[in-house]
Amino acid sequence: MLRIYDTRARQVEEIAAGRALRMYTCGPTVYRHAHVGNLRTYLLSDLIRRVLERRRVRVVACQNITDVGHLTDDADAGEDKVLLRARAEGRSPLELARHYEEAFRADTAALNLRPPEHMPRASETVDLMIELIAKLVEQGHAYTVPDGSVFFDVRTFPSYGEISGNRLDALKPAHRIDAVDARKRFHADWALWKPGEGELTWEAPWGRGFPGWHVECSAMSLRYLGSRFEIHTAGIDLRFPHHEDERAQSNAATGHEVVDHWVHGEHLLFDGQKMAKSTGNVVLLSDVVAAGLDPLAVRMAFLEHRYRQQMNLTWDTLKAADRTLRRWRSRVAEWAESVSAPLSQEHVDRAEAAFDDDLDTPAALRVLRELERDESVAPGAKFETFLHLDQVLGLDLSIDIGRPKVLPPGAAELLEARERARAAKDYAASDRLRDELAELGVRVSDTPEGQTWA
């Protein structure tokens, strides 16, 4: 069974799954396009799902859509980002949110990420948040103030900090954006409800306003997955304060530990830097496609690194992943023409053991590379094994079966140049051109009738 690193326990633990498992993933904030670093987070939950489903476990997944946009815990920090961008683009806030939500759904589909069973929008579930806030106030875990704000009283939750290690007795006011706030009983309390007027505000018992960001995931996970569920995933950047606050809200409301395992994916860098507008290195999936690469080359590149290992993505690594992807699809199409044979159980066992070992996808890919070169394994067995393991990898390795062979751009010219080099007996140039073709994913063989390619 799957063993995975639990951030709260600080160790790899076995996922105790019966016939079904429930998993929550913090979803996108849809006021901009998701970049490839954002998308890496969602591959994590997709891999967990695929590995468990290979073990015949039914996974029920929930992933929220943050389309309300109020991302700061400081109600006076300026106008909401969604409202500002919507105004600039001449749309209503929810029209803007739907546009970017559809773009997100298209990107995840292009990466073969299976859609969750539940994908609630924050704007359509504010009633659940109000209900949860009212319950926390009634239980004494939250308090109201005269301006209509509601705050969570963090000192009523003694185990705060178990996920991140940021304990209350060591947490200084400067660690939070809204550190100096006379309305609060304690500097680390956070807003569950904020007063406001205009677009994207709602009526509540405390007055018109909008929910704080953290309460959203508590309300949705409790509604769609129940008061206990097995796995909660997200990027490491949400570990604090979002997940600490979410855990406090959910556990305080229910009176028990709601989430069994907290699982976080590490940061992704691009060319050695964090993706940001200020550094000019934000890469979208559409940029990858515009560069002539298969979008699943991004998935392949991600699989070359473990989910909790910081990864430095570059255009060179994406191009290398694209070449491997095209080569494997070509080989699978070749092997499909061979006599059928049982899959190579030894390779399957090793790859699946790697999947179960804290999602060690790099080790699983090494098994496939060994199998590709192993001449003792029949082509038909390689075909069956690659497709069997692709149910977890999700690389569409069968996509070229039955398709006419099409050379990648530039390959035809290289093949012609190699034919001329062979005719001139310039074998050094011939070997160099063969290597260049291999870089493009084209394998060349020399026969008495001339060169052939696949």
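**Entry 1: second largest pocket**

I began with the second largest pocket, whose volume is about 810 Å³. I took a pocket as an open set of points on a 1 Å grid over the protein atoms alone, with protein on both sides within 12 Å along at least five of seven lines. Grid points are joined across faces, edges and corners, and a volume is the space filled by probe spheres set on the points. Of the 30 residues lining this pocket, R326, D400, V406, L407 and P408 are the closest to its centre; a lining residue has an atom within 4 Å of a point.

I note that the model is predicted: local features need pLDDT of at least 70 and side-chain atom pairs pLDDT 80 or more, while totals for chains, interfaces and linings use all residues. Residues are numbered from 1 along each chain as its sequence is written, and side-chain values use heavy atoms, with hydrogens and water left out.

Helix α9 (residues 315-335) gives the largest share of the lining of the second largest pocket, 8 residues. Helices (H or I, at least four residues) and strands (E, at least two) are DSSP runs numbered from the N terminus. By class I recorded 14 nonpolar, 4 polar and 12 charged residues in the lining of this pocket. Ala, Val, Leu, Ile, Met, Phe, Trp, Tyr, Cys and Pro count as nonpolar, Asp, Glu, Lys and Arg as charged, and the others, Gly among them, as polar. The second largest pocket lies between domain 2 (270-393) and domain 3 (411-453), because both give residues to its lining; the bounds come from an automatic or database domain assignment.

**Entry 2: cavities**

I then looked up the cavities (sets of points where a 1.4 Å probe fits but cannot get out) and found 3 of 30 Å³ or more. The largest cavity has a volume of about 120 Å³. Its lining comprises 15 residues, of which R40, L43, L44, R306 and Y307 are the closest to the centre. Both α1 (36-54) and α8 (296-303) supply at least two residues of this lining, and the largest share, 5 residues, comes from α1. The lining of the largest cavity has 7 nonpolar, 5 polar and 3 charged residues. Domain 1 (3-265) and domain 2 (270-393) each contribute at least three residues to it.

In helix α8 I also checked A297, which counts as buried because its relative accessibility is 0%. Buried means under 20% relative accessible area, exposed over 50%, and partly exposed in between (1.4 Å probe, protein chains only).

**Entry 3: aromatic rings**

I counted 8 aromatic pairs. Rings of Phe, Tyr and Trp (its six-membered ring) pair if their centres lie within 6.5 Å; planes under 30 degrees apart count as stacked, over 60 as edge-to-face and the rest as tilted. Y42 and F104 are edge-to-face, because their ring centres are 5.1 Å apart and their planes stand at 80°. Y42 is in helix α1 and F104 in helix α3 (residues 93-110), so this pair ties together parts 62 residues apart in sequence. Y42 and F104 are buried.

The pair of W193 and W206 is tilted, at 5.9 Å centre to centre and 55° between the planes. Both tryptophans are buried. I also recorded F152, Y160 and W190 as a cluster linked by ring pairs.

Lastly, I noted that the charged end of R223 sits over the ring of Y224, 5.0 Å from its centre. The criterion is NZ of Lys or CZ of Arg within 6 Å of the ring centre and within 35 degrees of the ring normal. The charged end of R32 likewise sits over the ring of Y31, 5.6 Å from its centre.
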